[in-house]
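Subject: the structure for you to look at

Hi,

Here is the structure I promised to pass on.

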Amino acid sequence: MRTLVKRHVLTAYAMLALAYLMLPIAVVILFSFNRPAGRFNYVWQEFTLDNWLEWDDVLGIRSAVVTSLQVGVLATLVATVLGTLVALAIVRHEFRSRGATNILVFLPMSTPEIVLGASLLTLFLNLTSVFTLGFWTIFIAHVMFIVSYIVVTVKARLIGFDRHLEEAAMDLGANEWMTFRKVTLPLLAPAIVAAALLGFALSIDDFVITYFNAGGSQTFPVFVWGIARVAVPPQVNVVASAIFIVAIVIALANVFWQHRSARRAQGAV
Amino acid sequence: VPYLLLAPGLFWLAVFFLVPLGFLGYESLQSGIFPNFEFTWEFSNFSDALSDYREQFARSFLYAGIATVAALLLAYPLVYWIAFRAGPWRNLFLLFIVAPFFVSYLIRTLAWLNILADEGPVVGLLRGINVLGEGEGLLFTSLAVIAGITYNFFPFMALPLYVSLEQVDPRLLEAARDLYASPVQAFLRVTLPLSAPGIVAGTLLTFIPAAGDFINAELLGTPKQQMIGNVIQAKFLESLDYPTAASLSFVLMALILAALLVYARIVGTERLTG
């Protein structure tokens, strides 16, 4: 009896904790349907769809969203290529500076964002003849802080990689490049895609590093910061909700897909 | 071959991570007023940074420390439940933990403004049961800032915890029970020590960004709750006092490093005696 109660106490706690995690998300989505009375969207007034229908009715919000997407896609592409190559080198090859390489990859992840942003800004400010603050400095900053996460994600997959498959391809007469293209890359693809999605999410979400290096450009978080002290239009909630819904649908699809393939694998045995 | 693969990625990290740290150091030893700074080996910047902003440094570490402990206590039972009780749907529940990341950091912090507002449900409830008096609120207090930090960095605590708890072999627990350990003893002697790597990793991943945070103090607090991140941000971007901002950044990194060393010692000795 006592263990039964205990078991349910733990389950009840877990549900409460999950509710706590979901609460702000629910509030963001709920208030995207609110018709606020003043400039701030903090008190529930009445239900409306207007904010969704006219999501770009706020000066600057559309260009900020576009900038966020552009930076996100470009930085993710570049960082994914760079990071995957580094991961391949670290796992596949012996070289003398491997320890130092690992540290260099790990350091940006364990440095407070504000230090990353501030130090990059001093670089740009000291080399004004080369760099102008704006879209490209945001891009440079994003690639810098995403690369490490890509390396770590792809590396995890490479470590569990069955190298016999590559040996088999080589035995069947494939050269190194063919083997890489036809065997290694397809097998790595899920990890690379997962890493890229993570990178994109990090890029879209980043505020601190971007804020330091944005100059006059605005990504969506920088835009929100700029207006948060003056007014928070419900359109901000609309964009945030839309990003959340797209992300959660992709993630859910992934979970169900994994669940199904796991069950299928079990069935095959 | 390895150097060819490494070159582009490491070049990027070297030029846009290491070199900037060098520039930050160079900046921190300058003196003067914007835009006329001069490199003068101004080491007093560091001692000034520490003495002028001792309060904000102390608050940053206090808030980050409390938030880290709170996140650990909140996350551990939840992650334990997911790892041992959630069955085949573990990945789904794990997704719930990461879900806050899909809402922009600033916006989920702004959502706490709605939740903790004086007209909101939480304050209403607390006033109803007389925890808060009329006219007392939660927003713009230290509590609100710490709660915001706890929430925002919760996934950084939960994920490494999950990774280590998931690897605990349930047979070890059965063995402990067979040897007449009570559930509590089995937890304390088997599960908890085995999850120690997750606790350590989660603590670091939560504490480091929390100590440098300024969003929560800015949105959920008042100038009385300012952390060192707020000062660095304002010095860099508003008052354009780069030398002070740069030396503050360095002192922050040094203090975090020192905290990590102390932590490593404690964890290390505990493991030795445990």
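Leaving out residues up to four places away in sequence, which residues does Leu120(A) touch? The list is Ala141(A), Met144(A) and Asn213(A) from chain A, plus Phe16(B) and Pro20(B) from chain B. Before you read on, please keep in mind that this is a predicted model.

A bit more on that spot. Leu120(A) sits in helix H5 of chain A, and with a relative accessibility of 0% it counts as buried.

Ser119(A) counts as buried because its relative accessibility is 2%, and the cut-off for buried is under 20%. Once neighbours within four places in sequence are set aside, Ser119(A) is in contact with Pro20(B), Leu21(B) and Leu24(B). Pro20(B) is also touched by Leu120(A).

Now the aromatics. Searching the whole structure gives 38 aromatic pairs over all chains. One of them is Tyr20(A) with Trp112(B), a tilted pair with 6.1 Å from centre to centre and 50° between the planes. Tyr20(A) is in helix H1 (residues 2-31) of chain A and Trp112(B) in helix H5 (residues 105-116) of chain B, so this pair joins two chains. Tyr20(A) is partly exposed at 22% relative accessibility, whereas Trp112(B) is buried at 9%.

A second pair, Tyr26(B) with Phe39(B), counts as stacked because the ring centres are 4.9 Å apart and the planes make an angle of 20°. Here Tyr26(B) comes from helix H1 (residues 2-28) of chain B and Phe39(B) from strand E2 (residues 36-39) of chain B, so the pair ties together parts that are 13 residues apart in sequence.

Over in chain B, helix H8 (residues 170-178) packs with helix H9 (residues 183-194) at an angle of about 145°, with the axes 9 Å apart. The crossing of H8(B) and H9(B) is right-handed. H8(B) brings Leu172(B), Leu173(B), Ala176(B) and Arg177(B) to the contact, and H9(B) brings Pro183(B), Ala186(B), Val190(B), Thr191(B) and Leu194(B). By type, the residues of this contact are seven nonpolar, one polar and one charged.

Finally, chain A as a whole. It has eleven helices and zero strands. The radius of gyration of chain A is 23 Å, while a compact globule of 269 residues would have one near 18 Å. Along the principal axes, the C-alpha trace of chain A spans about 70 × 70 × 35 Å. Of the 269 residues in chain A, 46% are buried. For contacts in chain A with a separation of 6 or more, 71% come from residues 24 or more positions apart.

Cheers

Definitions and conventions:
Residues numbered from 1 in each chain as written. Chains lettered and ligands numbered in written order. Predicted model: local features only at pLDDT ≥ 70, side-chain atom pairs only at ≥ 80, totals over all residues. Heavy atoms only, no water. Buried < 20%, exposed > 50% of the residue type's maximum accessible area, 1.4 Å probe, protein only. Contact = heavy atoms within 4.5 Å. Axes fitted to C-alpha atoms, helices over the stretch in contact; angles between N-to-C directions. Helix = DSSP H or I, 4+ residues; strand = E, 2+ residues; numbered from the N terminus. Left-handed = near helix turned anticlockwise from the far one by under 90°. Nonpolar A, V, L, I, M, F, W, Y, C, P; charged D, E, K, R; others polar. Phe/Tyr/Trp six-rings, centres within 6.5 Å; stacked < 30°, edge-to-face > 60°. Rg over C-alpha atoms; globule rule 2.2 N^0.38 Å.
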